[in-house]
Amino acid sequence: MKIAVAAIALTIAACAATSASAAPWKRVTTPDGASTDQVGLVRTGDGVLHLAWSHPTGPNTEDLNHTVISRAGRIGATTPIQSGWTGFSNAALVVDSGGLRAFWGGFRTTDSSDPQRETNTALSADGGASWVLQPGQINPDGAQSYASNTAATVRGAGTTRTTLQAFAGTLGTWVHAGLTPATPIFNFTPGEQYGYDPNLATDANNRTVMAWYSSANGHLGVIARDVNPDGSPGPGPLTMPGTSDMQIGMLGRTPLAARSGGGIYVGYPTGYPSAGRIRLWRVGASNAPTVGRVASGSPAVAIAATGDTRMWVLWTKGFGDPDVLARRSNKGATKFGAVVNAGHPKDAAQAYKLDASAVGGAVDALGNFNIGTTSTAVTSYRRILPGLTLKARPQRVRRGDPTEVRFTVLDAGAPVKGAKVKVAGKSGTTDRRGHVTLTLSLPRPATARATHDGYVAATKRVGVRR
């Protein structure tokens with residue numbers, strides 16, 4: 001089914017990756033994880049970021065934990081959601097009418113009469129300090145959700161909020177609505193093998209979309225489809241442009257986010273046999289512009305929507321290089337700013353998973369990285385600021401001759417007022433058009449530097465000629 005949307009002509013600013021200068025990566029989970037681990041996350045209205053993650057506590061037991069990161073970026077308390085289970089799938093977190101709600105797949109015990117099976121949920125009415133387990137599984141049997149990573153979203157507002165959960169297995173790619181097994185589950189891929197790593201997002205108009213990677217014959221690629229309020233399939237499915245030849249998908253939840261200014265977006269590493277192009281797709285659009293490139297395949301990708309209609313796209317450099325790169329768009333998500341290199345934890349050699357949540361003008365990045373030369377993994381956190389772009393005209397001056405050089409400072413194509421530009425002992429502040437003119441007399445090439453609070457600095461080399 002074809003969905004009419006406005007075409008997006010997304011312009012990508014040509015620029016080198018700028019190194020981030022914020023605080024270093026910090027661990028938020030225990031250093032006993034696996035490459036398959038991925039946190040669940042949700043940000044509450046007070047700006048606090050909430051994480052759900054599990055870790056082994058014995059040969060056959062695991063705990064599911066909750067950790068907070070403050071709006072200011074400080075890692076706070078960790079509290080148990082559930083303890084001593086036989087295992088947990090990667091959990092999802094949402095905010096519903098009762099508070100924070102966690103969903104996960106798993107068996108509490110090996111006793112076949114234990115009612116905690118398939119998908120389970122717990123609620124916290126006090127911001128994650130304590131959790132109450134809902135007795136019994138919340139969905140019907142038959143979808144293998146006990147072994148599936150979980151995605152979830154919330155529809156409605158106030159006291160009328162309802163939840164949807166998604167999970168996948170060899171029998172299908174499923175959605176369930178509500179908190180009771182009395183409501184049915186719906187298979188979005190009947191007769192197809194296989195759908196992987198589904199995710200859900202709901203926009204301000206209560207449109208819900210599920211996205212997943214499909215390796216099914218005749219249905220290769222990243223697929224998106226609307227979800228009706230009862231969890232049944234809506235309009236679609238649609239295939240993300242540039243993915244229909246992909247034999248292998250990204251490992252991890254399909255990056256999906258609803259932009260505050262409209263549109264639901266998918267970010268994904270595309271290409272085959274090497275997934276070297278990072279694309280952002282507004283679901284329903286006829287194209288998915290490239291936001292970044294990597295030299296090697298297997299990058300992890302994350303996206304996040306801001307409160308002022310922008311989008312963040314994050315990705316790793318690919319196999320063997322765990323650096324995390326990030327770009328923030330303009331308002332409207334039609335242009336992207338400078339690439340910022342946020343580096344990686346000092347003991348990491350490989351990045352497995354990536355998640356993101358926007359906060360103010362910045363983005364909080366969560367990455368699952370290996371530790372040293374081992375296969376053990378840990379999830380670490382850092383805050384990333386957007387990058388400035390600095391331009392100079394002319395780009396070369398005559399050696400020793402006083403020359404007026406106009407510098408322009410931009411944020412995703414928009415002028416930045418109040419940025420300070422320094423070069424060769426001269427400095428000035430940009431006007432409302434992002435311009436500042438400096439008279440330079442250069443005996444040799446010099447590097448200009450632009451700075452502004454809330455941004456990663458940008459540099460520009462000014463050359464000389466005879």
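Student: In which order do the four strands of the open sheet lie?

Tutor: Strands of a sheet pair through backbone hydrogen bonds, in either a parallel or an antiparallel sense. In this predicted model, the open sheet has the order β3-β31-β30-β29, with antiparallel pairing.

Student: Which strands stand at the edges?

Tutor: The edges are taken by β3 (26–27) and β29 (351–359). Each has a single partner strand, so one side of each is left without a neighbour in the sheet.

Student: Over how many bridges do β3 and β31 pair?

Tutor: The antiparallel pairing of β3 with β31 (residues 377–384) runs over two bridges. K26 has Y381 in β31 as its bridge partner.

Student: How many aromatic pairs does the structure hold, and what describes a pair of aromatic rings?

Tutor: A pair of aromatic rings is described by two quantities, the distance of the centres and the angle of the planes. The structure holds eight aromatic pairs. One of them is stacked: F107 and Y146 lie 5.0 Å centre to centre, with 25 degrees between the planes. This pair links distant parts of the chain, 39 residues apart. F107 is in the loop between β9 (99–105) and β10 (119–124), and Y146 is in the loop between β11 (132–133) and β12 (151–155).

Student: Are F107 and Y146 buried, exposed or partly exposed?

Tutor: F107 is partly exposed, with a relative accessible area of 24%. Y146 is likewise partly exposed, at 34%.

Student: What is the geometry of the pair F188 and W212?

Tutor: F188 and W212 are edge-to-face, 6.3 Å centre to centre with 85 degrees between the planes. F188 belongs to the loop between β15 (185–187) and β16 (195–202), whereas W212 is in strand β17, 24 residues apart.

Student: Why does F188 count as buried?

Tutor: A residue is called buried under 20% relative accessible area. F188 counts as buried because its relative accessibility is 5%. W212, at 2%, is buried as well.

Student: Which residue has its charged end over the ring of F107?

Tutor: That residue is R117, whose charged end sits 4.2 Å from the centre of the F107 ring. Elsewhere among the aromatic residues, W85, F88 and W104 form one cluster.

Student: Finally, the backbone. Where does P273 lie, and what is the peptide bond from Y272 to P273?

Tutor: P273 lies in the loop between β21 and β22. The bond from Y272 to P273 is cis, with omega near 10 degrees. Another cis peptide bond joins R393 and P394, where omega is about 0 degrees. P394 is in the loop between β32 (389–393) and β33 (396–398).

Student: What is the phi of Q144, and what is that of A424?

Tutor: Q144 is not a glycine, yet its phi is positive, about 60 degrees. Q144 lies in the loop between β11 and β12 and is partly exposed, at 22% relative accessible area. A424, also not a glycine, has a positive phi of about 50 degrees. A424 is found in the loop between β36 (420–423) and β37 (426–429) and counts as exposed at 52% relative accessibility.

Note on methods:
Residues numbered from 1 in each chain as written. Predicted model: local features only at pLDDT ≥ 70, side-chain atom pairs only at ≥ 80, totals over all residues. Heavy atoms only, no water. Phe/Tyr/Trp six-rings, centres within 6.5 Å; stacked < 30°, edge-to-face > 60°. Buried < 20%, exposed > 50% of the residue type's maximum accessible area, 1.4 Å probe, protein only. Lys NZ or Arg CZ within 6 Å of the ring centre and 35° of its normal. Pairing = 2+ DSSP bridges.
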